[in-house]
Amino acid sequence: MVRPRSSNRAQNQRSSYVCLLHSVGKKRHSGSNETESTQFSNGVSKTSPVHRPVAVPLAVPLSVVPPIVDAKAIVSEISKSVGLPAGSTLKKNVKLISEDGTMEPVDAPLTSLPGFSRLIYHYMMLSKIRLTSLVVMTAMAGYAMAPGSFELGTFLLCSAGTTLVSGAANSINQVIETSFDAQMARTRNRVLVKGYLSRLHAVGFALGASTVGCSMLYFGVNEMTAALGAANLILYTSIYTPMKRYSILNTWVGSVVGAIPPLMGWAACTGGDLGAGAWILAGLLYCWQFPHFNALSWNIRPEYLKAGYKMMANSHPALCTRVSLRHTGFIAGLSLLAPALDVTNVWFALESLPLNAYFAYLAWDFHQKADSKSSRKLFRFSLLHLPLLMALFLLNKKHWMFREDKKSEVMQLESGLADGAIATGVFVSGGETKENGSEYLVPNIVADIGATAPSHGSIKAIEDTLLANVATVLPTPGKQKL
């Protein structure tokens, strides 16, 4: 008996379906969640994903004992997760102590610092610590180059006061420019932009730092140094900072701000006397600002333009390069003028000539090419040029105080002996007479004959005066060192 084709086709479908169920059951038993597909005789059909059922306990059996927490194991796991060697510990000084006892530094994030340390870190960033350090270094250079005696107390007070005044000025600058700093990649990570400190907090810090700094300069140093510091604070915060958004003249004003700190150091050393050397030093700092800042601003012109600052690099690029070249020539001229004004010796002009010549060459290259490469070379060499020039100025300065002290002691001794000679009438002036305008004194021998007491000009009076003068010159036994 021959079966019809329809019955054979149905039987084949049933057998295929049974095989499919059998395979699905195996996979469900093995815990697989894969998707199976079966091809039937008439077409292709895909099955839906098969999920393994998960048993959820309704309650925890009482017989289960909770495991004991191992603190060392937890610390070890955390150390592994952050990439630290196993068995290492962290101390308060943020140093990594390994098992072998070696110390390895660890870069801790800002949020891991304690509260007070974090506040100090924020104050340092608010003060622009790198710029403040440069300001203090130029003030210290002015103190060292001045023809005055070195006093440690005055030097430290001048440095500390300058630090506080500069930090206050930079803080006010960030308060004013917070919204503009947020638009520049170079300044968008500042403290006020990130919201680590409020603007009111920054203003309070600036007021406190400026008050303490100016007081230290006024009462601990002198009035001239305090006046220069206060003037620089007002000039930077009230004139230079707002002018950056209105005129390219802000670069000239900013150069004046950079030239005042060496004047402060010079005035602190000399008691407020600003001689020719102070103005030459200030002139060098003033001229150095132009090639340094113009080269820096050249590569970040888009950021200044986006933030709305008026810079020569954007609006007057030819003037920017020309001014940089011009002031490198002024630096060379001031270096040659220093020996002529008896501030340094001639060696300063000779030794600084190659340094200034190369600086001028880089400025000329920047003026000719006006590209990022030449501006970057000029900027980098400016960071090296200033400390080298200041070191040469210091090594070749004309008036060292220990030499002046020695000369003054000799002059005082000679003047003291001359006064004693005139008073006693012992020394004569080479045989000249009174008619020629000099003293020719001889002992009054006649007055000694029959006199009960020595008279002025007698031999006895001369001997007594000489012995008194010799006793004042020679050291006493109490002052002699064995």
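Student: What makes the crossing of α5 and α9 right-handed?

Tutor: A crossing is right-handed if the near helix is turned clockwise from the far one by less than a right angle, and left-handed if anticlockwise; the crossing of α5 and α9 is right-handed. This is a predicted model, where local features need pLDDT of at least 70, side-chain atom pairs count only at pLDDT 80 or more, and totals for chains, interfaces and linings use all residues. Residues are numbered from 1 along each chain as its sequence is written, and side-chain values use heavy atoms, leaving out hydrogens and water.

Student: Why is α5 called roughly parallel to α9?

Tutor: Helix α5 (residues 152-176) and helix α9 (residues 223-243) pack at about 15°, with axes 10 Å apart. Angles under 35 degrees count as roughly parallel, so α5 is roughly parallel to α9.

Student: How do you know that the span of helix α3 agrees with what it should be?

Tutor: The expected span is 1.5 Å times one less than the number of residues. For the 12 residues of α3 (residues 115-126) that gives 16 Å, and the end C-alpha atoms are 16 Å apart, so the two agree.

Student: Why does Lys128 count as buried?

Tutor: Buried means under 20% relative accessible area, and partly exposed lies between that and exposed, over 50% (1.4 Å probe, protein chains only). Lys128 has 16%, so Lys128 is buried. Lys128 sits in the loop between α3 and α4 (129-145).

Student: And what makes Ala370 partly exposed?

Tutor: Ala370 has a relative accessible area of 32%, so Ala370 counts as partly exposed. Its phi is near 50°, a positive value in a residue other than glycine.

Key: Helix = DSSP H or I, 4+ residues; strand = E, 2+ residues; numbered from the N terminus. Axes fitted to C-alpha atoms, helices over the stretch in contact; angles between N-to-C directions. Parallel < 35°, antiparallel > 145°, perpendicular 65-115°, else oblique.
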